[in-house]
Amino acid sequence: MKPFFSIIVPCCDVAQYLRECLDSVANQPFKDWECLLGVEESKDNTEEIAREYEAKDSRFKVFTGPRTGSCSASRNTGIDMATGEYIIFLDGDDTIVEGSLQRLHDKIAARPGADLYPCAIQVHNDISGKDEELRDNYPADFNGELSGIEATLKTEGYCEGHPCPMLQLSVARREFLVENNLKCIVGLRRQDSEFTPRALYLARRVIPIHEPFYIYRLQATSVSLSARGADYFHGDWAIIIRSLLAFHAKVSAKPDFDRRLSRVWGVKWTNLIFYFWFSPENVLNITRARRIETLGALFNGGFSDFRLLLKSQSVFKKLAGWWIREFVRHPLSRGLVEVFFHAYFLLSGTRHVKGVAR
């Protein structure tokens with residue numbers, strides 16, 4: 001008989017935290033789960049610890065792979081291996097709250113069959129030792145049911161247009177992920193920002209349940225905090241935005257596509273491009289050569305997907321999009337483009353992009 005939950009845990013160089021993570025699963029009063037441990041080649045004894053748990057409890061199952069630099073490969077393999085009805089993504093340096101699996105089970109069982117059950121995450125800062133925020137994309141008093149399109153549109157008002165992208169926020173029905181071939185891009189850091197908008201749009205039923213079941217650990221060696229310079233994630237953001245632009249082009253070609261989605265996505269995704277490549281702080285801290293390189297990767301298939309998304313945006317943003325194309329196409333114009341965007345950020349008051357956490 002298949003378990004109710006399949007918990008997928010990517011593990012690489014997390015020996016310091018892995019026992020706490022796996023104990024938080026093993027000690028849950030709710031027992032109907034399997035835990036799939038995707039161990040990538042590590043510099044510490046991460047695999048030894050994972051094997052220890054596998055040896056004493058058959059619900060823990062270890063699979064191994066080469067070092068890829070992100071959680072994507074382990075998450076993808078875990079989805080393929082999972083036998084549970086619902087999938088929980090848990091990173092090897094994080095934990096789940098005591099008793100939360102039972103509460104999740106009861107709330108899902110009361111309203112079964114949704115594709116996504118958005119929950120809440122408690123952020124704990126290991127550096128300060130404090131709980132910093134509770135992340136929930138929906139108001140606590142919202143108890144309704146949404147289509148994926150409605151859920152995407154509602155996040156605009158609830159999250160200032162920038163919903164938290166973390167995969168770990170939602171419990172997902174496994175068959176929904178499989179039917180839609182929802183996978184992460186292997187090797188991509190911050191892969192949540194590419195995966196989550198697609199998953200939310202494709203969901204037929206979304207039921208927020210607000211259960212704060214997950215404790216997300218911010219620590220000095222995490223991917224989010226250990227960046228080695230302002231351009232550390234630049235190549236990743238190019239891949240993320242290129243993929244999302246292509247996704248919008250694909251789904252917006254459908255006759256029943258809701259055009260309001262173009263506006264919501266366009267606000268966020270054009271802001272990402274403007275900020276990461278042309279904000280005053282990034283122009284100052286990232287070399288022009290690096291920004292040219294990564295922007296070239298973003299638009300290596302041409303500008304048609306970008307132009308399509310810009311159709312839903314303001315005249316001001318359309319003008320900014322034109323200047324970006326000039327920057328890529330005409331080397332002599334690059335200094336002038338940077339001057340334009342300096343004025344753009346001053347006039348718009350945009351100083352940073354919200355909601356681009358891991």
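# A chat about salt bridges, strands and patches

Modeller: Let's begin with a salt bridge: the side chains of Arg-198 and Glu-194 meet at 2.8 Å, N to O. The term means a side-chain nitrogen of Lys or Arg within 4 Å of a carboxyl oxygen of Asp or Glu. This is a predicted model, where local features need pLDDT of at least 70 and side-chain atom pairs count only at pLDDT 80 or more, while totals for chains, interfaces and linings use all residues. Residues are numbered from 1 along each chain as its sequence is written, and side-chain values use heavy atoms, with hydrogens and water left out.

Biologist: How far apart are Arg-198 and Glu-194 in helix α7?

Modeller: They are 4 residues apart in α7, so about one helical turn separates them. Helices here are DSSP runs of H or I with at least four residues, strands are runs of E with at least two, and both are numbered from the N terminus.

Biologist: And are Arg-198 and Glu-194 buried or exposed?

Modeller: Both Arg-198 and Glu-194 are buried. Buried means under 20% relative accessible area, exposed means over 50%, and partly exposed lies in between (1.4 Å probe, protein chains only).

Biologist: How many salt bridges are there in the whole structure?

Modeller: A search of the whole structure gives 25. One of them joins Lys-183 and Asp-80, at 3.1 Å from N to O. That pair links distant parts of the chain, 103 residues apart: Lys-183 is in the loop between α6 (174-179) and α7 (192-202), and Asp-80 is in helix α3 (residues 72-81). Lys-183 is partly exposed, at 23% relative accessible area.

Biologist: OK, new topic. What is the strand order in the open sheet?

Modeller: The open sheet has 4 strands in the order β5-β10-β7-β8, with mixed pairing. β5 (95-96) and β8 (130-135) are at the edges with a single partner strand each, so one side of each has no neighbour in the sheet. Strands count as paired if DSSP finds at least two bridges between them.

Biologist: How do β7 and β8 run, and how many bridges join them?

Modeller: They run antiparallel, and 5 bridges join β7 (residues 120-125) to β8. Val-123, for instance, has Glu-133 in β8 as its bridge partner. The side chain of Glu-133 also meets Arg-135 in a salt bridge at 3.4 Å, N to O. Glu-133 is partly exposed at 37% relative accessibility, whereas Arg-135 is buried at 12%.

Biologist: What about β1, how many of its residues are buried?

Modeller: 7 of the 7 residues of β1 (residues 5-11) are buried, so the strand is largely enclosed by the rest of the structure. Phe-5, Ile-7, Val-9 and Cys-11 lie on one side, with Ser-6, Ile-8 and Pro-10 on the other. β1 pairs with β2 (residues 33-40) in the parallel sense over 7 bridges, and the partner of Val-9 in β2 is Leu-37.

Biologist: Last one, the surface. Which residues form the nonpolar patch?

Modeller: Phe-316, Leu-319, Trp-322 and Leu-347 form that patch, with about 400 Å² of accessible area together. Patches use residues with over 30% relative accessible area and no salt bridge, joining like charges within 9 Å and nonpolar side chains (Val, Leu, Ile, Met, Phe, Trp, Tyr) within 5 Å. Areas come from the Shrake-Rupley method with a 1.4 Å probe, and for residues only the protein chains shown count as cover. Helix α13 (residues 315-329) gives the largest share of the patch, 3 residues. Phe-316 is in α13 and is partly exposed at 34% relative accessibility.
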